[in-house]
Amino acid sequence: MTNIKSKVFKIAGGISIAVIVMAAAAVYLLSPVKYIAIDVNPSFELHVNRLNQVVSVDGVNEDAKELLGNYKPKGQKLDVVVDGILNGLVAENYISADKKNDVLITSSNDSESKEALKQVSEQVITTLDKKELSSDILTQSITVDKTAQQGAEKLKVSAGKMAVINRLMKQNESLNAEALADKRISDLVALASQDNVPLDLLKQNIADFKDSLDEDMQSESMEIMLDALEQEMDDADDSEPEDASELDDSEPDDDSELDDSEIDDDSEPDDSEPDDDSEPDDSEPDDDDDEDKKPVEEVKPVEGTKPENEAVAAAVNEQEEQDDNEED
């Protein structure tokens, strides 16, 4: 009974440990670790886990909240959510062909968020390019701390847009934060340009991005071709010794076969020719011997018999003796 309880406790303990490990792994993978903000005005903030799934998307101002409605990402991939947001902005005319369409994309200053920043930038460009809309994509990575979040929440802007407002106000103290919060990103960029305020934003135009993307694709294609060519050359180098050995192995076999056959072929005529020659040689002497040289064999009489001439003579003598007796 004690052994059974001990086994049960061990099994239960093992299950508990497995559950704890699985729960810890789930927390590690599914917890939000990446911060991304998309600002046009409306402004959105996305929180992304290590599986690149969007854990939550928040509409920061009223326009963004209205646009999102009751939308919940439910673990959708980051590029899918971004594409949906951009399509909504276009549908509601926040981005259009008759406007200056600047899109600000911000990430927190960590490696995982920076990687997500690149992916979001490419997705924004891809979506707008499909709709044949021009835009400048502005990107930045900032430290998203508690102080920055509190200031942004107070003005109902994203932490990314708040960083731009702070740079503008640092250069021009006469500017009003609340007034700036209501402006579009394009207006803030124009104001910074007017006041020569460096925003420390990485600016990229869709056309320029497409050109760079084409160059990257061409260089990547070239690298793939070169790698394939190099691999083919390596394969050829690897196969040559084997092929050479196969040829070396096969050539002697072929030569040996030819040599053997030649020998056989040569030997067959050699064997046959003497045979052919010997047959006439043997036959001709036989004919000559039969006709000219072969001695006549003596016919020996069989015991109890006489040669044919003696028998005849004996018969003649016997007949003569009978005739003489008759005369007498």
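Predicted model: local features only at pLDDT ≥ 70, side-chain atom pairs only at ≥ 80, totals over all residues.
1. Strand 4, residues 102–108, is mostly covered, with 7 of its 7 residues buried. The cover extends to both faces. On one side lie Asp-102, Leu-104, Thr-106 and Ser-108, and on the other Val-103, Ile-105 and Ser-107, all of them buried.

2. Strand 4 pairs with strand 1 (residues 32–39) in the antiparallel sense, over 4 bridges. Within this pairing, Ala-37 has Thr-106 of strand 4 as its bridge partner. Thr-106 is also among the buried residues of strand 4.

3. Strand 4 is joined to strand 5 (residues 136–142) by 7 bridges, and these two strands run parallel. Leu-104 stands opposite Leu-138 of strand 5.

4. Which residues does the side chain of Gln-140 contact? Gln-140 belongs to strand 5 and counts as buried, at 4% relative accessibility. Its side chain reaches the backbone oxygen of Gly-160 at 2.9 Å. The side chain of Gln-140 also makes a polar contact with the side chain of Arg-167, at 3.0 Å. The residue therefore falls within the buried class, for which the cut-off is under 20% relative accessible area.

5. The whole structure contains 3 salt bridges. One of these is formed by the side chains of Arg-50 and Glu-112, with an N to O distance of 3.8 Å. Arg-50 is in the loop between strand 2 and strand 3, whereas Glu-112 is in helix 4, so the pair ties together parts that are 62 residues apart in sequence. Both partners are partly exposed: Arg-50 has a relative accessibility of 30%, and Glu-112 has a relative accessible area of 29%. The 3.8 Å distance lies within the 4 Å cut-off for a salt bridge.

6. Lys-100 takes part in a salt bridge with Asp-102, in which the side chains meet at 2.8 Å, N to O. Lys-100 counts as partly exposed, at 47% relative accessibility, whereas Asp-102 is buried, with a relative accessible area of 2%. Asp-102 is also one of the buried residues on a face of strand 4.

7. The side chain of Lys-100 meets that of Asp-136 in a further salt bridge, at 3.0 Å, N to O. This pair links distant parts of the chain: Lys-100 is in the loop between helix 3 (78–91) and strand 4, and Asp-136 is in strand 5, 36 residues apart. Asp-136 counts as buried, at 9% relative accessibility. Through shared partners, the salt bridges join Lys-100, Asp-102 and Asp-136 into one network.

8. With a relative accessible area of 34%, Leu-51 is partly exposed. Arg-50, of the salt bridge with Glu-112, likewise lies in the loop between strand 2 and strand 3.

Conventions
Residues numbered from 1 in each chain as written. Heavy atoms only, no water. Buried < 20%, exposed > 50% of the residue type's maximum accessible area, 1.4 Å probe, protein only. Pairing = 2+ DSSP bridges. Polar contact = N/O pair within 3.5 Å; in protein donor to acceptor, adjacent residues only side chain to side chain.
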